[in-house]
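Please examine the structure before reading the solutions.

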Amino acid sequence: MLSAEHLTCGYGGAPVVKDVSFAVSAGERLCILGPNGCGKTTLLRALAGLLPHEGTVTVCGTDAEKLSRRELARRVALMSQLAPVYFSYTVYETVSMGRYARRERRLLDRDSGEDRRAVRESLERTGLWALRDRPVTALSGGQLQRVFLARTFAQDPAVILLDEPTNHLDLKYQVELTEGLKAWTEQGGRCVAGVFHDVNLALGFASRVLVMEDGAVQADCPPRELDRALLNRVYGLDVAGYMRENLRRWEE
Amino acid sequence: MALLAALAALSMAAGVAVGSVHIPLGDVGSILANRLFGTALRDGMNGVYPAMVLDMRLPRVLLAFLTGAALAMSGTVMQSVLQNPLASPFGLGVSSGAGLGAAIVIVTGFAAGTAGMLALPAVSLAFGLGTVLLVLWIAGRIDRAMGNVTVVLIGMVASLFFNAVMSLLGTLSPAYAQRINLWQLGSFSMREWPAVWVLGPATALALALFARYAPEMDAMTFGEEQAQAMGVDLRRCKILLIGAVAVLTGTAVAFVGIIGFVDLIAPHVVRRFFGAAHRRVLPAGALFGGTFMVLCDLAARTLTPPREIPIGSITALLGAPFFLYVYFAGGRRDRGC
């Protein structure tokens, strides 16, 4: 559904992402792991069509560069890292903006029944229906994160790209978000690719893991087959040892 | 919204009736009906009233309303497009460019006679637009994506530079310094119909265009990346909307001079009552900005007769406390825009 071939990109200077190739098929959940500055977010931005790049990104069988912004947004949605909001839209209005690419151009009565149904479903899926009339400027970081997830669902894409989606979430909502995304992916013809900070959470969520170091792919495999030595090298830490130590604290 | 429209109508009626000579509202109505529908004038009306209403008060009030509406809409659009609650069309260099154009016309003495009456607004509009084009061109050269910060920074640099050139002109030709200064503070005393005929359609067209792009602006307030990910063709929308704002503000400034503050505060005040969605903020902001400007102009010409206070000072004098009141009176409510 989503593939990158020889993708190279950056911000003018030396490339940040170097010759990356991979493919995600329907039903898969790909987690991109790697230390700070390894090019995870840059790769994600290129996949979302937000960054000029060399190489090809293919979405649902079409070269992404041949699609208009609107056509691309019907296939791919990006949930960005949490950014401050300055304008006091209600939760409902914010989520309904996800329907932008799906709406036909109409000046009046812009929401079709389909739009309203999708917005309501997204709000319920993220537990926000009760908060729908609150201004987004009055929400906590975690609530806002869920609003953006709901907007991503409302966009009704085939591919969801996530940029550290659980950063501001309490444990409970981290679990709910990953479970919600799993359920979303299992509805058929859909896949998720995301950058995760939390290795533990990523390994629990992913059906496949892509490990990056210094802009290049070091491993691309199911989480079970992940080479621990590689992980230790990339993160500069005995990752498994660290996790075990944490576990011991809970077992005492 | 209906309340706001009623307030707008009321303020305009007051604007026409009140002045150095008070004209009864009934007479104003009679004069308008006579002109529009050919009904008879009221018996025993003072003979100079029709000319005062039709040639002086009415065009002035309409011009004030249109200017307020145009500036309020421009401010709304700039704040959303640049995702910056402090942005205003003047930050793009429209006003300083237009000011420089006006100063050049004044200093070269090109403005004498009737030709000058038209030359001044035409040249200042051209300079205002030229400045915005220059800002966008430089911003596009430095940063192909024309990021908000780049546009705001280049706009500020251009504004400061052209302001400096304008001050230099004023210093080098002191005979004209006062006229340049007066122009900069803005005035509706050039109360003529041609200005209304130009600014009226321009404002109406702009409202239609902005209403069409309301969903795009809604998305843009969440930042460039998110707007693009939602499917907005950012570069095209940005150029189109900024261009339209430049034309609209440039036209208004060319006729009445630089009148600050309305463009900045009107969107904030309106969002307080109508929420942030552009399909409501734009028309409500236009009504509010227009009403506010009519009342400010009324104050400008009636508070210290026979002298007139520059309208730019009034908008800030009345606007600043009013803004603080509206913005902070909400108390426990959120402090978003």
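This is a predicted model: local features need pLDDT of at least 70, side-chain atom pairs count only at pLDDT 80 or more; totals for chains, interfaces and linings use all residues.

**Exercise 1.** Determine the strand order of the four-stranded open sheet in chain A, and identify its edge strands.

Solution. Step 1: the strands are arranged in the order 2-1-4-5, with antiparallel pairing. Step 2: strand 2 (17-24) and strand 5 (62-63) of chain A each pair on one side only, and are the edge strands.

**Exercise 2.** Locate helix 1 of chain A relative to the strands, and describe the surroundings of Leu47(A).

Solution. Step 1: helix 1 (residues 40-47) of chain A lies across strand 1 (2-9), strand 2 and strand 4 of chain A, at about 120° to strand 1. Step 2: beyond its neighbours within four places in sequence, Leu47(A) is in contact with Leu2(A), Ala4(A), Val57(A), Leu161(A) and Ala193(A). Step 3: Leu47(A), Leu161(A) and Ala193(A) have the most contacts inside the largest nonpolar core, which has 174 residues. The largest share of this core, 16 residues, is supplied by helix 3 (residues 49-81) of chain B.

**Exercise 3.** Characterise the side of chain A that touches chain B by residue number, elements and class.

Solution. Step 1: each chain is represented in the contact, with 25 residues from chain A and 25 residues from chain B. Step 2: helix 2 (69-75) and strand 6 (76-79) of chain A give two or more residues to the chain A side; helix 2 of chain A provides the largest share, three residues. Step 3: by class, this side comprises 16 nonpolar, six polar and three charged residues.

Note on methods: Residues are numbered from 1 along each chain as its sequence is written. Chains are lettered from A and ligands numbered from 1 in the order in which they are written. Two residues are in contact if their C-beta atoms, placed from the backbone, lie within 7 Å. Ala, Val, Leu, Ile, Met, Phe, Trp, Tyr, Cys and Pro count as nonpolar, Asp, Glu, Lys and Arg as charged, and the others, Gly among them, as polar. Two strands pair if DSSP finds at least two bridges between them. Axes are lines fitted to C-alpha atoms, for helices over the stretch in contact, and angles run from 0 to 180 degrees between N-to-C directions. A nonpolar core is a set of buried Ala, Val, Leu, Ile, Met, Phe, Trp, Tyr and Cys residues joined through C-beta atoms within 7 Å. A residue is buried if 20 or more other C-beta atoms lie within 10 Å of its own, exposed if 12 or fewer, and partly exposed in between; C-beta atoms are placed from the backbone.
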